Amino acid sequence: MKTIFSKKGALSILFLFVASFVTHFYFLQSDAYFTVNSDALSQMAVFHKFLGENFRSGNMMWSWNYGIGGDLFGEFGYYYSTSLFFWASAFFNMDTIFHVVQLKIGLSILKSFSSMLIMFILLKYLKRTYMASIIGALLYGGSIFFLKHSLLWDFMVDSMVWLPLMILGFERWMKEKKWGLFTAGLFLMLSTNFYFAFKSSVFLLIYAVFAFIGTKQTLTIKGLFRFFFGWGKFYLLAFGLAAAAFIPSIYALFQANRGGKANEVPLAFAPEYYAGILETTFNLDGTYSILGLPVAMLFLYTVGFTFLNRREKSFLYMSLFMYVLYFIPFAHSFFNGLSEMQSRWVYLLIFSVSITSAFLIDRIAENAGKIKASRALIPFLVLGFGLFAPIYSRNAAFASYEWLILGLTALCLPLFLLAGKMGKTAFYLFLSGILALNTFGTQAVFSKKSLGTFYGQSTMDSGVLSQPGLENKAELELIRSIQSSDQSFYRMINDGNKYHNAPMYQDYHGAGAYSSLLSGNLQYFLKQRHNVLFDHDSINKFNHFNNRFYLESYMGVKYHMVPKDSAAPVYNADMVDQNESLTVYENPYALPIGFMQTQYAAEDDVEKLSFTERDQLLLQAVYTEKPVKELNWEKFNFKNLDSERIDQQKPFTLKNVKQSGKIFIVNEKGTISIPIDQQKIGTDDEVFVEADLKQEQGERFNMKVEGIHTQKLPVENKYAYPTKGFVINLGHSYEKDSVTIKLDPGEYRVSSIKVYRQKIDTDKAEQLQKQSLTDIHYEKNRVKGKIEAIQDGMLTTSIPYSKGWKTYVNGKEAKTLTVNHAFVGTPLKKGTYDIEFVYTTPLLKESLIISAIALLITIFSLIRTRRRTK
């Protein structure tokens, strides 16, 4: 390892440092920001700023700006909350989205350099030459997989930094029986991100198997046990150290709702996928490429494998094994936790190929005089006929990148044929130059063609970052005006933007979120129990309550910010503020965060109600999964709900639509009109459409109901949620005698279309306002207030339920129940009470204890090991 700190080592590290900037050159010289208008902006950039602000202020538990309130440490463990790189950056200036995306390119360069540096150190430890170690490190940290994920989902490349560190520690344990670095690498891998920890852990097992084979270990049951238990105990120790980060995040994963759909994984991909295997490996398609390996790799593998010793061949076989997995659908599902197929595990393949390449480069250089002409000719012919000929026959020309790899392929042939005559140093330089030129060229073309154009990074100017929902001056001024004039607890909906995470960025209590670990109970409540309409269905998003009076009042949505001159979004809302582009309405019936309900219903009975009746029930009674026996209260009579169907029993009016039973064939500009009984609609009624239909060919489709648009995914789609149907609020002033639905052209199966009207009971809302928490004080992870219960009942809240919430009544811990399927409630007898709700991330305290015990064991073991060594 001393060679790392030599003059050659310093020059090698300097080269890698420069290389990390070169691979980002396209973005460094670009006038556009280092982000794209998708997850990178709407999630990653917002999360970075949001979490940084909260963590710097000492709040790591809960925020009311996340959804309608959510956990910070556990639920964001998938993203940043346990990332060392995030914590290192959290103390930089992130006041605006502009600062965040500028910081992110610096972080990307840092991660790229770090991954190259650690890979370089690993290869030097494995006794590779400086040149081979440099190229192996460049192939890994300079891969297009790294750059693509660093731009689009930057948290996903943290594991690329810690993977070579973990393997370096493993190699050190095997050779020297020193376990400190191995444990540290495992700890960083396990604690940074549970999702990638699984992938890297599986790879560690694969790596260990090939290492066992390659190092002539004793192939007996005892030998196997000794080897795997030898390093497995340090894995368990590292897991204990990482428990405080790992366990709360895993708990959050199991509380999330990811759709629950069975994943149909084919045994194989389509034949054309395998026919294009060389293009998938070496060429770029400008869109979804993630390999783009240098063409010289085929020469290295074909020419060099015979020169490797047993251990070195184990690396080659491992890389081939990982490469084969890339073409097996089940592998893509397995590495994604037996879920839908994803290619996020491919960094493991790139690592395997990169480490193998270093061995091949050295062995070929050492045996240059023994290279057989046929071995050099085979990859040349394979690439010529298998890669370039099909490209030319298809396009009758080559793109610039294809000319580059064609030229490099042409150079490889004489290089390997003449390797024995040109000397080792010259061979190293020429081969390294070809590999480096291919890597840098791939990065340049991929950055411009795919990331810049296809993903749209080149269009990311200040105008995009100032859109509604982000750094938008008009919105921010109104939000701050409302907050300065009303400092009570309430929620606000901004109808004029497309960013579900706008409340996190703009710092207000909203009603939307876009995250992979949203509370499963809340998701079910919104999308299944109440079927709230969104612009499209998704298991990862929600952003409003479709202006539904009962839902918004229950949730405490007091303010709506809408485009100027828009009508009041909810019944009897008052305009309270306005600027040149926006208007703010206030809902006078919004309920406080907690109020008393003195009637109850059984959750099983709620499932039998229509969606409109379920809405009304929120203000009439509270329901729980199990009876609350300690209360003397009344069961609600569902007959008191005021809702009815108003669609008339007449044929639909069809325009450019043909009907055959339940099958509707919709042509261009086709519409379906449902006649309704207008006379049944009162002035204080809301009108809803409930449509249960699907596209027969299983395609996504657009639907407009009286101008209200939504997009529906096929039921089988992994992101489709709710699973079927629509519930659309047509508002409180509907005056037409029919409801018109417009669909994309196609064939549809229409199971039912129903139209309901429901009475808006403002008296009940005002009654609940009088029976609610008063003197409310709330902060980061707690809510306090007083309440007078005039009779037995349930203190019902709009706080999303989590095991982390504890309820204190007059200073003593009381029952914390799940009410209305997704919220916190506590039963109260008649009386006056001081109430406090306190939140702690679930299992954080328990996992901290595990980590503390593991740390003590680690310290004791290190001291003991050091004494034995002396």
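Biologist: Why is Asn 546 called buried?
Modeller: Asn 546 has a relative accessible area of 10%. Buried means under 20%, exposed means over 50%, and partly exposed lies in between (1.4 Å probe, protein chains only). The value of 10% falls under the buried cut-off, so Asn 546 counts as buried. This is a predicted model: local features need pLDDT of at least 70, side-chain atom pairs count only at pLDDT 80 or more, and totals for chains, interfaces and linings use all residues. Residues are numbered from 1 along each chain as its sequence is written, and side-chain values use heavy atoms, with hydrogens and water left out.

Biologist: Where does Asn 546 lie?
Modeller: Asn 546 is in the loop between strand 5 and helix 26 (549–554). Helices (H or I, at least four residues) and strands (E, at least two) are DSSP runs, numbered from the N terminus.

Biologist: How do you know whether Asn 531 is buried or exposed?
Modeller: The relative accessible area of Asn 531 is 6%, so Asn 531 is buried.

Biologist: Which residues are closest to the centre of the second largest pocket?
Modeller: The second largest pocket has a volume of about 770 Å³. Of its 27 lining residues, the closest to its centre are Asp 495, His 544, Asn 546, Asn 547 and Ile 708. Strand 19 (726–731) is one of the strands supplying at least two lining residues. Strand 19 gives the most, with three.

Biologist: What makes a space a pocket or a cavity?
Modeller: On a 1 Å grid over the protein atoms alone, a cavity is a set of points where a 1.4 Å probe fits but cannot get out; a pocket is an open set with protein on both sides within 12 Å along at least five of seven lines; lining residues have an atom within 4 Å of a point. The structure holds seven cavities of 30 Å³ or more. The largest cavity has about 130 Å³ of space. It has 14 lining residues, and Leu 139 is among the closest to its centre.

Biologist: How do you know whether Leu 139 is buried or exposed?
Modeller: Leu 139 has a relative accessible area of 9%, so Leu 139 is buried. Leu 139 is found in helix 6 (residues 130–141).

Biologist: How many residues of the largest cavity lining are charged?
Modeller: The lining has no charged residues, but seven nonpolar and seven polar. The lining of the second largest pocket has four charged residues, with ten nonpolar and 13 polar.

Biologist: Why is Phe 17 called partly exposed?
Modeller: Phe 17 has a relative accessible area of 38%, so Phe 17 is partly exposed. Phe 17 is found in helix 1. Phe 17 also belongs to a nonpolar surface patch, with Leu 11, Leu 14, Val 18, Phe 21, Val 22 and Leu 28. Together they have about 600 Å² of accessible area. Helix 1 (residues 7–22) gives the most to the patch, with six residues.

Biologist: What makes Tyr 801 partly exposed?
Modeller: Tyr 801 has a relative accessible area of 25%, so Tyr 801 is partly exposed. Tyr 801 is in the loop between strand 24 (793–800) and strand 25 (805–809).

Conventions. Patches are made of residues with over 30% relative accessible area and no salt bridge: like charges are joined within 9 Å, nonpolar side chains (Val, Leu, Ile, Met, Phe, Trp, Tyr) within 5 Å. Accessible areas come from the Shrake-Rupley method with a 1.4 Å probe; for residues, only the protein chains shown count as cover. A salt bridge is a side-chain nitrogen of Lys or Arg within 4 Å of a carboxyl oxygen of Asp or Glu. Grid points are joined across faces, edges and corners, and a volume is the space filled by probe spheres set on the points. Ala, Val, Leu, Ile, Met, Phe, Trp, Tyr, Cys and Pro count as nonpolar, Asp, Glu, Lys and Arg as charged, and the others, Gly among them, as polar.
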